[in-house]
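I opened this entry to work through strand pairing, the chain contact and the DNA surface. My notes follow in the order in which I looked things up.

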Protein chains: 2
Amino acid sequence: MKRQRTRKGAPGIIEVAQRAGVSAATVSRFFNTPDIVRAPTRNRIEKAASDLGYIRDRMAGTLHNRFSGTMGLVVPTIDNAIFAELIEAFSARLQQHDRTMLIAAHGYDLSLEVAIIRSLLERRIDGVAVIGLTHETASLEMLATRNVPVLAAWNYRPDSQMPCIGADNFDAGYQVARHLIEHGHRDIGLLFPPTAFNDRASDRLQGAFSALAEAGISVPRHRVIDTQYDIGEAKQIVGHLLENDPPTALLCGNDIIAHGAIYACHLRHVSVPQDMSIIGIGDFRGSAHIEPPLTTVRLPARRIGESVADQLCFADTVLRPEKGNRVLVPSRFIRRNSVTFPPSAAKQQ
Amino acid sequence: MKRQRTRKGAPGIIEVAQRAGVSAATVSRFFNTPDIVRAPTRNRIEKAASDLGYIRDRMAGTLHNRFSGTMGLVVPTIDNAIFAELIEAFSARLQQHDRTMLIAAHGYDLSLEVAIIRSLLERRIDGVAVIGLTHETASLEMLATRNVPVLAAWNYRPDSQMPCIGADNFDAGYQVARHLIEHGHRDIGLLFPPTAFNDRASDRLQGAFSALAEAGISVPRHRVIDTQYDIGEAKQIVGHLLENDPPTALLCGNDIIAHGAIYACHLRHVSVPQDMSIIGIGDFRGSAHIEPPLTTVRLPARRIGESVADQLCFADTVLRPEKGNRVLVPSRFIRRNSVTFPPSAAKQQ
DNA sequence: AATAAGAATGCAAACGTTTTCATAAAACCA
DNA sequence: TGGTTTTATGAAAACGTTTGCATTCTTATT
């Protein structure tokens, strides 16, 4: 029983095998398909492994196998209420499937995204989820060549080029606009993050435009305002707006911007919703509890994250944008207390 | 030039070597230590690799190597303002060092943590960061056996058993309590998350107690209140408090709870800080912009995340809690606008 | 009880790199 | 320019598993 020196002093599969009096092959089988090894052998191996404190090396297995048990997730940013819930759900579900998650952020830089995907590929991920529908072809090609399934999470479009699981952001924008219109608002400010590389925001904005157009409301250019995804910046911009020529309602591209808008109103003592209606999109943590509670549409981040994880784990081949590979997970309009009729129309109420 | 069928149709190192007219060994060297291969050869390899779209398989290398280029990060939860900034910073810094991050959450369940660490070890991480100072010995032993460096992030204690990088949470608690005391508050409510498995929260609470005791203020039992890390719950609890026997100030274990407290005050029209002083700990996103802006102490999540990443990447051996392996990253008291003198003492001001 | 069929196990060859050692090619020095 | 040192490359043996095939042990069938 001479000690078979292994890399770090940690026991390998052969040491476990020796101790259990079986071959390495059997130990391997014990871990991968326990049912095909007989109970007595199984027990001996189990004991040997636990005595030795054996931890298998999945990398070595992966070399031979097709699968590494690791999934990639590429997001614009982690530190951000939008994605945190999705990431958490994705990760938890992966854990249930005995997989791990390799995650990286590109800060809305699509060219960095291809570098990241390359780096993930070097680590042999079994699949990868990305956020949104627009990506560099280079990324997609690398993945396709290696037959690694990709899934676009978060946004849904019926005509998506990629398989996707997400919410209908166009519809979300449409719904919040409708809500404002139904309350008699005609002068509405649209506060959105930059839509250039952000199909989610851009779809929402289109949805809002669409509802507005249907209602015969034309939006003057100065009523659509760019703001970063940042409470402070939104607050400041809305502050300016309140001082010169405020609209009667603010349609915010996401709840963070809406929070900023509410704070700006607090600061200037304009009361929400009596003097200013505010509506968001997303239903982030805090939106239910801020004062006034924010009317918004709940984007089901958790369910999306879980579905994406499930799909990725059970995808044995490349996911293609055919039937069944685009899934819309429904969002829900949440009426709370930040919207009412505009002051001028209050009498009509 | 017969095609050397590789696993997924993707080229391997030998195909690149063939095409460049060199041996696989040279290609390997090209990727790992480019300087030791001559310029002309280098160019041929570079071209061959890019023509073929070669992506190296780091797993195969890791098998031979000691290092995988992947670090683990184990957090209580991802979906949480506390950690998101740290995670993001850690991940970004890792990316700079050409490493990737395997992350998992255990939801404050220490026994799940050991399973997670085991699973990370199966993936051959080069090092791992965990949150906080208290962990199962099983986890620590597994890591020690395999000589995998561990770093406790987020909390600092001069007498920590583990190497740690973090803020002095005791001091943070002490400082916010002092601030309240200096403003003449004697009747202070302490709102804290459960401190049982949370050394950060528990250190803060101890710090607050310590300052209070020094000032000769004894805290009646009913003034220290448990609340989850949740805006909604904090808001509700503070709501009750405001209706029966409110203190003059609320010391909140973290900013999230403080946000809930502020919203509760808004809801009942008690104005902050005139009628109620509120102080937090953390300086999360939004704390600077909420109305009133929250007085708090800034915990340098970003710097902690970065330092942890750096240390882990350059640790060639197990980190031990000796000099240099405990680093305190300073936090900063941020005075904003949510604390003033209590109503009864206003005249003294 | 003998035999066939089936189930469990062992042997050894992969998996795609890195690395040691040996060798060939360049560079250096007089 | 010939010898010597240095530098660049190649051949082949690892790294720790999994798996196809061959073998042995069980179990079922008659």
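I began with strands E6 (residues 188-192) and E8 (residues 249-252) of chain B, which pair in the parallel sense over four bridges. I looked up one position in this pairing: Ile188(B) stands opposite Ala249(B) in E8(B). I note that the model is predicted.

Next I traced the whole sheet. I read the order E7-E6-E8-E9 in chain B, an open sheet of four strands with parallel pairing. Which strands are at the edges? I found strand E7 (224-226) and strand E9 (277-279) of chain B there, each pairing on one side only. From one strand to the next, the twist averages 20°.

I then looked for pairing across the two chains. Strand E2 (residues 100-105) of chain A pairs with E2(B) in the antiparallel sense, over three bridges. Leu102(A) has Leu102(B) as its bridge partner in E2(B).

That took me to the chain contact as a whole. I have 54 residues of chain B in contact with 54 residues of chain A. On the chain B side, the elements giving two or more residues include strand E2 (100-105), helix H6 (110-122), helix H7 (137-145) and helix H11 (255-267). Which element gives the most to this side? I noted H5(B), with seven residues. The chain B side divides into 21 nonpolar, 18 polar and 15 charged residues.

How do the axes of H1(B) and H2(B) cross? The axes of helix H1 (residues 13-20) and helix H2 (residues 24-32) of chain B come within 8 Å and cross at roughly 105°. I therefore put H1(B) and H2(B) down as roughly perpendicular to each other. From H1(B), Ile13(B), Ile14(B), Val16(B), Ala17(B) and Ala20(B) make the contact, and from H2(B), Ala24(B), Thr26(B), Val27(B) and Ser28(B). I noted seven nonpolar residues in this contact, two polar and no charged.

My last entry is DNA strand D. I found 29 residues around DNA strand D, and those that come nearest are Ile13(A), Ala25(A), Ser28(A), Gly61(A) and Thr41(B). In chain A, helix H1 (13-20), helix H2 (24-32) and helix H4 (58-64) each give two or more residues to this surface. H2(A) gives the most, with six residues. I wrote down the division of this surface as 13 nonpolar, 11 polar and five charged residues.

Key. Residues numbered from 1 in each chain as written. Chains lettered and ligands numbered in written order. Predicted model: local features only at pLDDT ≥ 70, side-chain atom pairs only at ≥ 80, totals over all residues. Axes fitted to C-alpha atoms, helices over the stretch in contact; angles between N-to-C directions. Parallel < 35°, antiparallel > 145°, perpendicular 65-115°, else oblique. Contact = placed C-beta atoms within 7 Å. Nonpolar A, V, L, I, M, F, W, Y, C, P; charged D, E, K, R; others polar. Near = placed C-beta within 6 Å. Pairing = 2+ DSSP bridges.
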